[in-house]
Amino acid sequence: MPDVVALSLAPITSLDEKIAPEKLVSGDPSTGFGPGYENEEAGFFTGVWQSEVGAWRVAYDEDELCVILAGRVRLTENGGTPREFGVGDAFVIPRGFRGVWETVESVRKIYAIVS
């Protein structure tokens with residue numbers, strides 16, 4: 001029987017993932033994640049993700065729940081109004097979202113993705 005997974009404790013070993021140059025809008029942020037729980041058969045993935053300051057273009061082919069543990073982000077849908085989220089905020093980025101993810105202050109978040 002599987003045990004309960006405490007996502008806020010998932011370790012991130014390093015911030016060594018770079019944003020692809022063609023997606024970069026500003027800065028040169030590094031990112032990293034610590035997987036928490038994965039059910040590939042169901043297309044369900046969770047964990048903790050971290051990013052340095054910067055902005056890049058995103059295109060979501062999955063639904064993602066985000067809970068901000070530290071820092072601040074700004075999401076702007078193409079042609080839309082910017083929305084900011086900080087510590088304690090929870091939000092969903094729906095499949096089909098196209099726009100810009102901006103890490104305003106170094107961020108750490110819990111994510112839950114359904115693909």
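What pattern does the protein chain follow, read along the sequence? I read it as β-β-β-β-β-β-β-β-β. My tally of the secondary structure is zero helices and nine strands; the elements are DSSP runs numbered from the N terminus, with helices being H or I of at least four residues and strands being E of at least two. The radius of gyration is 14 Å, close to the 13 Å that the globule rule gives for 115 residues, so the protein chain is as compact as a globular protein of that length. For my own reference, that radius is taken over C-alpha atoms, and the globule rule is 2.2 Å times the number of residues to the power 0.38.

**Ground rules**

I am working with a predicted model, where local features need pLDDT of at least 70 and side-chain atom pairs count only at pLDDT 80 or more, while totals for chains, interfaces and linings use all residues. Residues are numbered from 1 along each chain as its sequence is written, and side-chain values use heavy atoms, with hydrogens and water left out.

**Whole chain**

I boxed the C-alpha atoms along the principal axes and got roughly 45 × 30 × 25 Å. Of the 115 residues, 35% count as buried; buried means under 20% relative accessible area, exposed means over 50%, and partly exposed is in between, with a 1.4 Å probe and protein chains only. The exposed surface comes to about 6700 Å², and carbon and sulfur atoms supply 53% of it; these areas come from the Shrake-Rupley method with a 1.4 Å probe, and for residues only the protein chains shown count as cover. I also checked contacts (heavy atoms within 4.5 Å). Among those between residues at least 6 apart in sequence, 65% join residues at least 24 apart.

**Pockets**

How many residues line the largest pocket? I found 22, of which Trp49, Trp56, Tyr60, Glu62 and Glu64 lie nearest its centre. My working definition of a pocket, on a 1 Å grid over the protein atoms alone, is an open set of points where a 1.4 Å probe fits, with protein on both sides within 12 Å along at least five of seven lines; lining residues have an atom within 4 Å of a point. The volume of the largest pocket is about 640 Å³, a volume being the space filled by probe spheres set on grid points that are joined across faces, edges and corners. β1 (17-18), β3, β4, β5 (54-59) and β9 (98-114) each supply at least two residues of that lining. By class I noted 12 nonpolar, two polar and eight charged residues. Here Ala, Val, Leu, Ile, Met, Phe, Trp, Tyr, Cys and Pro count as nonpolar, Asp, Glu, Lys and Arg as charged, and the others, Gly among them, as polar.

The second largest pocket has a volume of about 180 Å³. Its lining includes Leu75, Arg83, Phe85, Phe91 and Phe97. At least two lining residues come from each of β6 (63-77), β7 (83-86) and β8 (90-93). I noted seven nonpolar, three polar and two charged residues there.

**Single residues**

Beyond residues up to four places away in sequence, Thr46 touches Leu7, Pro35, Gly36, Tyr37, Tyr111 and Ala112.

Asn39 sits in strand β3 (residues 30-39) and is partly exposed at 27%. I put its C-alpha atom 9.7 Å from that of Val114, which is 75 residues apart from it along the chain.

Glu17, in strand β1, is partly exposed too, at 36%. Not counting residues up to four places away, Glu17 touches Pro29, Ser30, Thr31 and Phe33.

I ended with two loop residues. Asp28 lies between β2 (24-27) and β3, and is exposed at 51%. Leaving aside neighbours within four places, Asp28 is in contact with Lys18, Glu52 and Val53. Gly88 has its place between β7 and β8, and is exposed at 57%. From Gly88 to Ala59, 29 residues apart along the chain, the C-alpha separation is 24 Å.
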